[in-house]
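Reader: I have a model open on my screen and would like to learn how to read it. Could you take me through it feature by feature?

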Amino acid sequence: MSTSSPNSRVSLVSVPALAALSAALVGLAIVFAFWVAPEDADQGISQKIFYFHVPIALTAYACFGWGAWKALRLLWKGDEHYDLESYVAIHQGTIFGALTLATGSIWAKASWGHWWVWDSNQLVLFLVLFLFYSAYFMLRFSIEEGPRRANLSAVYALFGVALIPVSFFAIRLAEDFIHPTTFTRDGPQMTGSMFFAFCVCWIAITMVAYTLYRVELLGKRLDANLRELREILTA
Amino acid sequence: MNYLADVAALARKDLRLELRARDTLPAMLLFVLSTLVVFHFALPTGADEVAAQGLLWVALVFTALLGLARAWAPEREGGALEGLVLAPSDRSAIWLGKSAAVFVFLALIELVALPAFALFFSPLQAEAVLGVLLANIGICAVGTLLAAMAAASRTRELILPLLFLPLAIPLVVGGVGSSVSTDPGRYLLFLGLYDAVFAILCWASFEYVVSE
Amino acid sequence: MIAARAVEKRYGRRRALRPLDFRLERGGFLVVTGANGSGKTTLLRLVAGLASPSGGELEVDAGRSALGYLGHEPLLYRDLTAVENLDLYGRLYRVPERRERMGMLLERYGLWDVRAERIASYSRGMTQRLALCRALLHEPELLVLDEPFTALDAEGAELLDRQLAELAGTATILLTTHEPARVEPLASARVALA
């Protein structure tokens with residue numbers, strides 16, 4: 001069989017252990033965000049969303065970056081397994097991207113009264129990226145499985161990470177003629193304990209993302225192995 | 001240099017094909033002019049001159065998409081793309097030759113579209129025209145590669161706009177900025193940056209788009 | 001010149017070529033037969049470098065400039081003339097004395113009179129003959145032909161017979177066909193795909 005044990009490539013920590021760790025960290029994060037960190041003077045309770053919104057956004061970037069790295073490895077080395085890893089990473093990234101848009105929207109509503117604001121550069125960037133990576137899936141699902149699909153997905157994934165900084169600058173530049181800038185930065189100023197709570201949340205969410213990545217990868221590899229087994233038995 | 005000779009031979013081939021078939025260019029021309037007329041009706045009175053400048057870019061991007069959808073059609077018809085891939089020349093030359101030809105087509109269209117725009121709406125500054133040229137490079141480089149990807153997909157023409165539009169957003173920002181901003185230099189620089197980054201990316205990755 | 005060890009090709013779940021072993025020495029003539037769907041075309045595409053194997057090893061001792069390929073499609077531009085098509089390939093393959101070589105091939109394959117017409121107006125047999133010219137243009141050391149007789153007319157088939165007889169021994173030839181009897185006298189090896 002070409003794919004050996006599904007877990008053979010990432011071996012250090014088992015999935016159930018990861019899941020348990022993630023659950024624990026998320027619990028801790030919630031405690032920190034809602035009870036330990038002080039309330040923000042300006043925004044009050046709605047600012048709490050920030051503790052999740054920004055880590056989710058950062059995790060999405062990390063997932064896209066990880067997916068692009070795997071894509072690069074695929075094009076460089078040609079080993080099939082990188083394709084699945086790249087795909088799963090980007091899948092996770094898109095999910096977290098959608099969550100970024102959702103939490104960002106909630107925050108916008110709570111802070112400024114609108115479900116969508118073009119003022120938040122981060123939010124606009126995620127909208128563009130969400131469109132881009134949605135097209136990634138449309139591309140992938142419209143091509144037959146095989147090296148062609150793997151190669152095209154990988155190239156497109158690389159275009160994605162190039163797009164992130166370029167879009168960021170574009171959106172910054174667009175401020176001049178799209179909207180007057182009313183908010184200079186997305187995040188409020190953080191005190192020491194706020195920053196600590198933020199870090200806990202960040203670690204927790206990163207751990208959740210990594211766990212989901214491993215779970216999905218495991219599931220897809222098991223699927224593939226099952227299929228191969230079936231083929232061999234019926235051949 | 002052999003590489004440039006290959007690129008030239010390939011680009012010449014595309015120009016010759018279009019000259020002979022004459023289907024894509026007239027269609028793009030008619031499309032862009034029709035779009036400009038539609039914009040006149042889509043802009044209510046009181047809308048800025050500035051809004052019209054923005055719409056020029058919408059027209060250009062969608063006209064480019066129209067042309068790009070057919071960019072690889074000649075290669076598809078006789079299976080010629082495989083013939084090019086089999087040749088000892090660098091695969092990136094295939095992309096560069098095709099992009100160059102698409103650039104020429106787009107520039108020819110703009111030779112008519114820009115004066116038409118100036119006539120219907122408002123005159124264009126020199127920076128705007130420079131912006132158009134710089135954005136063209138990006139559109140052709142990225143669009144040609146994405147069109148090759150789309151050709152491999154089951155949904156072909158349907159998927160090209162989806163792949164292209166998110167990548168076109170920075171170009172639109174750069175282009176509109178060079179038209180309306182008080183400091184167009186920044187936007188032109190940005191367009192140059194986009195072109196550099198994505199042209200290099202396309203050049204390096206085209207090999208993988210056509211190989212299995 | 002070609003060494004294949006357990007070469008196979010899969011497209012996801014679809015198996016296009018079962019693991020195959022064979023060797024083809026320089027100057028050899030290998031005839032590949034098999035039912036439709038057995039992987040003949042896939043095998044030739046792998047040898048030509050149009051696809052890479054999913055498993056096993058495939059060594060082909062000929063670079064792209066030494067390889068001539070004739071597939072199911074002519075690999076030509078329909079709206080260009082024969083001359084323009086061959087000229088483009090001649091440039092890409094850096095054929096020395098391109099014009100002379102083109103002229104020689106066009107004449108040999110009976111296309112000289114129609115050389116300035118768009119190949120969209122050609123019959124199927126004529127197009128296949130031109131495709132053959134394209135494959136032979138750069139005097140390849142390894143010739144990979146996928147059912148070349150299928151699209152040829154009677155005259156073209158005779159010309160190809162003659163050409164293969166000429167090349168056998170000097171060039172290495174890999175050919176698939178539905179009528180192996182035709183090339184049997186020239187064959188140095190045979191492979192039947194299941």
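Author: Let's begin with helix α2 (residues 82–92) of chain C, which is mostly covered: 10 of its 11 residues are buried. A residue is buried if 20 or more other C-beta atoms lie within 10 Å of its own, exposed if 12 or fewer, and partly exposed in between, with C-beta atoms placed from the backbone. Helices (H or I, at least four residues) and strands (E, at least two) are DSSP runs, numbered from the N terminus. This is a predicted model, where local features need pLDDT of at least 70 and side-chain atom pairs count only at pLDDT 80 or more, while totals for chains, interfaces and linings use all residues. Residues are numbered from 1 along each chain as its sequence is written, and chains are lettered from A and ligands numbered from 1 in the order in which they are written.

Reader: Which residues of α2(C) are buried, and what covers them?

Author: The buried ones are A82(C), E84(C), N85(C), L86(C), D87(C), L88(C), Y89(C), G90(C), R91(C) and L92(C). Their cover includes α1 (2–21) and α5 (80–86) of chain B, together with α3 (98–108) and α4 of chain C. After α2(C) comes R94(C), with a positive phi near 50°.

Reader: Now the sheet in chain C. What is the order of its strands, and is the pairing parallel or antiparallel?

Author: In general, strands of a sheet pair through backbone hydrogen bonds, either parallel or antiparallel. Here, an open sheet of 5 strands runs in the order β5-β6-β7-β3-β8 (chain C), with parallel pairing; two strands pair if DSSP finds at least two bridges between them. At the edges are β5 (67–70) and β8 (189–193) of chain C, each of which pairs on one side only. On average, neighbouring strands are turned by 10° against each other, direction ignored. For angles, axes are lines fitted to C-alpha atoms, for helices over the stretch in contact, and the values run from 0 to 180 degrees between N-to-C directions.

Reader: How many bridges join β5(C) and β6 of chain C?

Author: There are 4 bridges, in the parallel sense, between β5(C) and strand β6 (residues 142–146) of chain C. To find the pairing on screen, look for Y69(C), which stands opposite V144(C) in β6(C).

Reader: Which strands does helix α1 of chain C lie across?

Author: Helix α1 (residues 40–48) of chain C lies across β3 (29–34), β5, β6, β7 (172–176) and β8 of chain C, at about 155° to β6(C). Helix α4 (residues 124–136) of chain C lies across β5 and β6 of chain C, and runs at about 165° to β5(C).

Reader: How is chain C divided into domains?

Author: Domain bounds come from an automatic or database domain assignment. For chain C this gives domain 1 (2–62 + 141–193) and domain 2 (76–124 + 132–138). Their C-alpha centres lie 24 Å apart. In chain C, 6 residues of domain 1 are in contact with 5 residues of domain 2, where contact means C-beta atoms, placed from the backbone, within 7 Å. Helix α5 (residues 154–167) of chain C gives the most to the domain 1 side, with 3 residues.

Reader: On to helix packing. At what angle do α3 and α8 of chain B pack?

Author: The general idea is that two packed helices are described by the angle between their axes and the distance between the axes. Helix α3 (residues 49–69) and helix α8 (residues 159–180) of chain B pack at about 145°, with axes 9 Å apart. Residues meeting there include W57(B) and L65(B) from α3(B), and F164(B) and V172(B) from α8(B). By class, this contact has 13 nonpolar, 4 polar and no charged residues. Ala, Val, Leu, Ile, Met, Phe, Trp, Tyr, Cys and Pro count as nonpolar, Asp, Glu, Lys and Arg as charged, and the others, Gly among them, as polar.

Reader: How many residues of chain A are in contact with chain B?

Author: 27 residues of chain A are in contact with 30 residues of chain B. α5 (147–178) of chain A gives the most to the chain A side, with 18 residues. That side has 22 nonpolar, 3 polar and 2 charged residues.

Methods: Two residues are in contact if their C-beta atoms, placed from the backbone, lie within 7 Å.
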